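Visitor: I would like to go through this model with you, one topic at a time. Could you begin once the structure is on display?

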Amino acid sequence: MATVSAFSSSPPWHNPSPNFQNDDDEEDEAHRLPDDVYSSQESNGEVDHRTDPFINSVDVTPSPIHVSFNQDYGCFSVGTDHGFRIYNCDPFREIFRRDFDGRNGNGGGIGVVEMLFRCNVLALVGGGTDPQYPVNKVMIWDDHQSRCIGELSFRSEVKAVKLRRDRIVVVLEQKIFVYNFSDLKLLNQIETIANPKGLCAVSQTAGSLILVCPGLQKGQIRIEHYASKRTKFIMAHDSRIACFALSADGQLIATASTKGTLVRIFTTVDGNLLQEVRRGADRAEIYSLAFSPTAHWLAVSSDKGTVHVFGLKVDSSSPGSGTINDLKRAAAPSNSSLSFIKGVLPKYFNSEWSVARFRLNEGFQYIVAFGHQKNTVIILGMDGSFYKCEFDPVNGGEMILLEHHNFLKPEEAL
């Protein structure tokens, strides 16, 4: 059950098409949102600290609650106990921040900040010990106006929000709602197994929405192909799903379980297992997975304090490299006379290990993505750390640290 609200009598976005008719189902319809809107202010390289009667600059260093990349990994957002901040990855710099002053009994905590590429419209959810908004509401924030312009309300806590230019996906612990972005009309509801992390991934390719979420069984993932109206289930692991990620084109899905030793790569079309890589022998909590833009590489972060980069079996010399067909060819059984050994040796000795790695401080949660510069990796930590590293695609080994910043104190380069 959810309700939709708008906060103004006249639509605050472009190309208005107000429509408030009530739906007999679970939703109301609201104003039309833009298909695409321009980015927030970035002038003269200075941080935008714009304020209004409800927003003030906070001098104390905030505590991060949420950190996430935008859809193309060019920016990242941070939800804090006082508001939220947006940063550029390359070059690293803070773009703007919005710090709430805690009036009207609201504490300022933001638990989810979901960007839409570099648009001025974001999705916010309250969080922390003293949230700015109820944790069961998704607030649609227009940064041109520095205020919320609408909301989606639910009966239980919102765990995550995913945005596309044409869809809003809201993740609750055991249900996912899919809305049309243009009129906030409910399009689909999906039941899942208990999903306290709010695991969900959506493709960003125009016109072909693919949504991945946990299924109804332990270790199962569900893939919704909305263009072809097909649903695919994959029993990816024996243990519960801990993390997964889609490739940029939505053709590949990488999954990890709560055991955290193996990562598996499947096709989203037919669910075939293409490759399996090993993070390590000991149990670990996988925090994030990320494909490179061409799907030649996969990055993995975990609570072991190490980020791994794995080479995927893509034939870079073939036309259209990075496609499913390349991975299928590479994953085909070998005709070598020694291939029988694979059936004799323990699976551990046949494992594919990481090509490159970067060691971090244990005890903090890190997420990872590939940078826009070739062979670079961006790492974000819940301790405020920003790392930019470079890996050697031929020789591998330890990555080279290129940059290190504290994004909670961006003026301090480390």
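Guide: Two strands are said to pair if DSSP finds at least two bridges between them, and strands (E, at least two residues) are DSSP runs numbered from the N terminus. This is a predicted model, in which local features need pLDDT of at least 70 and side-chain atom pairs count only at pLDDT 80 or more, while totals for chains, interfaces and linings use all residues. Residues are numbered from 1 along each chain as its sequence is written, and side-chain values use heavy atoms, with hydrogens and water left out.

Visitor: What is the mean pLDDT of the chain?

Guide: The term pLDDT is the predictor's confidence in each residue, from 0 to 100. A value of 70 or more is reached by 74% of the residues, and the mean over the chain is 79.

Visitor: Over which residues is the pLDDT below 50, with 98 contacts in the model?

Guide: A contact here means heavy atoms within 4.5 Å. One stretch under 50 covers residues 49-58, for which the model has 32 contacts beyond four places in sequence. The stretch with 98 contacts beyond near neighbours in sequence, also with pLDDT below 50, is residues 6-47.

Visitor: How many bridges join strand 12 to strand 13?

Guide: Strand 12 (residues 175-180) is mostly covered, with 5 of its 6 residues buried, where buried means under 20% relative accessible area, exposed over 50%, and partly exposed in between (1.4 Å probe, protein chains only). Strand 12 and strand 13 form a hairpin with 5 residues between them, and Leu 184 in the turn has a positive phi of about 60°. Within this pair, Ile 176 has Ile 190 in strand 13 as its bridge partner. The two strands run antiparallel, and the number of bridges joining strand 12 to strand 13 (residues 186-191) is 5.

Visitor: Which residue in strand 12 is the bridge partner of Val 170?

Guide: Strand 11 (residues 167-171) runs antiparallel to strand 12 and is joined to strand 12 by 5 bridges. The hairpin that strand 11 and strand 12 form has 3 residues between them. In strand 12, the partner of Val 170 is Phe 177.

Visitor: Why is strand 21 described as largely enclosed by the rest of the structure?

Guide: Strand 21 pairs with strand 20 (residues 262-267) in the antiparallel sense over 5 bridges, and Leu 262 stands opposite Arg 278 in strand 21. Their hairpin has 5 residues between the strands, and in it Gly 271 takes a positive phi near 75°. Strand 21 (residues 273-278) is largely enclosed because its buried residues number 5 of the 6.

Visitor: Which residue in strand 4 is the bridge partner of Cys 75?

Guide: Strand 3 (residues 75-80) and strand 4 (residues 83-88) run antiparallel and are joined by 5 bridges. The partner of Cys 75 in strand 4 is Asn 88.

Visitor: How many disulfides does a search of the whole structure find?

Guide: A disulfide is taken as a pair of cysteine sulfur atoms within 2.5 Å. The sulfur of Cys 200 has its closest cysteine sulfur in Cys 213, at 6.1 Å, which is too far for a bond. Cys 200 is buried, with a relative accessible area of 8%. Over the whole structure, the number of disulfides found is 0.

Visitor: Is Ser 292 buried or exposed?

Guide: Ser 292 lies in the loop between strand 22 (286-291) and strand 23 (297-302). Not counting residues up to four places away in sequence, Ser 292 touches Trp 297 and Phe 370, and its side chain reaches the backbone nitrogen of His 296 at 3.1 Å. With a relative accessibility of 5%, Ser 292 counts as buried.

Visitor: Is Glu 362 buried or exposed?

Guide: The loop between strand 25 (356-359) and strand 26 (366-370) holds Glu 362. Leaving aside neighbours within four places in sequence, Glu 362 is in contact with Asp 303, Lys 304 and Gly 305; Glu 362 and Lys 304 are 58 residues apart in sequence and 6.0 Å apart in space, C-alpha to C-alpha. At a relative accessibility of 57%, Glu 362 counts as exposed.

Notes. Helix = DSSP H or I, 4+ residues; strand = E, 2+ residues; numbered from the N terminus. Polar contact = N/O pair within 3.5 Å; in protein donor to acceptor, adjacent residues only side chain to side chain.
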